[in-house]
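Subject: Structure handover

Hello,

Please open it first, then read the notes below.

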Amino acid sequence: MPDPQIRIRVATYADEPALSRLDHVTWSYGHAVTPRPGLDEPFFRETAGPGDHLVAELDGRLVGYVRLGFPTPLPSNAHVRQIRGLAVDDTARGKGVGRALVRAAVERARALGARRLTLRVLGHNTAARALYEAEGFAVEGVQPEEFLLDGAYVDDVLMGQRLV
């Protein structure tokens with residue numbers, strides 16, 4: 001059960017320094033397929049601004065985020081939203097922050113009129129997969145050895161859930 005002190009809200013531009021730091025310190029090939037982001041790199045981009053992010057605060061400190069977006073730019077796919085990133089500060093792990101963010105993402109996608117919510121997770125990220133399964137996501141496909149990360153081939157697992 002998530003801690004009642006966890007506050008979820010839509011990100012603002014003022015959150016960018018904290019989000020950049022969080023992205024940098026939580027990065028690992030355990031969950032990322034891109035290189036570690038630099039502390040000086042902008043967190044928000046044209047395709048993922050503050051309104052596409054929900055942030056979690058615990059005791060008044062930003063400790064996590066989830067990024068929502070579209071899986072493709074195609075109009076025929078506009079009824080689907082995708083979790084395109086999730087991070088939780090190590091100091092807040094085990095306190096329900098990730099679960100609260102996933103639940104908030106489901107509700108946000110539903111409020112935006114999405115019929116489905118999908119995500120991609122690395123096959124070896126068993127903790128994330130267990131969380132997503134506990135929150136109603138099911139494995140819908142696996143791309144074996146899709147990524148070569150730190151010298152090892154890793155599966156890409158597509159998960160999803162219906163929202164209507």
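Which residues does Tyr13 touch, not counting residues up to four places away in sequence? They are Phe44 and Pro50. Please keep in mind that this is a predicted model.

Tyr13 lies in the loop between E1 and H1. Its relative accessible area is 61%, which makes Tyr13 exposed. Gly49 is 36 residues away from Tyr13 in sequence. In space, their C-alpha atoms are 8.3 Å apart.

Now the sheet. Seven strands form an open sheet with mixed pairing. Their order is E1-E2-E3-E4-E5-E7-E6. Strands E1 (6–10) and E6 (138–149) stand at the edges. Each has a single partner strand, so one side of each is left without a neighbour in the sheet. On average, neighbouring strands are turned by 25° against each other, direction ignored.

Strands E4 (residues 80–88) and E5 (residues 116–122) pair in the parallel sense, over four bridges. Gln82 has Thr118 in E5 as its bridge partner.

Two helices pack on this sheet. Helix H1 (residues 16–26) touches strand E2 (53–58), strand E3 (61–69) and E4. The direction of H1 makes about 85° with that of E3. Helix H2 (residues 97–111) touches E1, E2, E3, E4, E5 and strand E7 (152–162). The direction of H2 makes about 160° with that of E4.

E3 deserves a separate look. Eight of its nine residues are buried. E2 and E3 pair in the antiparallel sense over six bridges. The hairpin of E2 and E3 has two residues between the strands. In that hairpin, Asp59 takes a positive phi near 55°. E3 and E4 also run antiparallel, joined by six bridges. Val66 stands opposite Leu86 in E4.

Arg67 is buried yet has no salt bridge. Which side chain of opposite charge is nearest to Arg67? It is Asp23, 4.4 Å away. A salt bridge needs a side-chain nitrogen of Lys or Arg within 4 Å of a carboxyl oxygen of Asp or Glu. Arg67 does have a polar contact of 2.8 Å with the side chain of His53, made through its own side chain. Not counting residues up to four places away in sequence, Arg67 touches Asp23, Phe43, Arg45, Ala48, Asp52, His53, Gln82, Ile83, Arg84 and Gly85.

Best wishes

How values were computed. Residues numbered from 1 in each chain as written. Predicted model: local features only at pLDDT ≥ 70, side-chain atom pairs only at ≥ 80, totals over all residues. Heavy atoms only, no water. Pairing = 2+ DSSP bridges. Axes fitted to C-alpha atoms, helices over the stretch in contact; angles between N-to-C directions. Contact = heavy atoms within 4.5 Å. Buried < 20%, exposed > 50% of the residue type's maximum accessible area, 1.4 Å probe, protein only. Lys, Arg positive; Asp, Glu negative; His and termini not counted. Polar contact = N/O pair within 3.5 Å; in protein donor to acceptor, adjacent residues only side chain to side chain.
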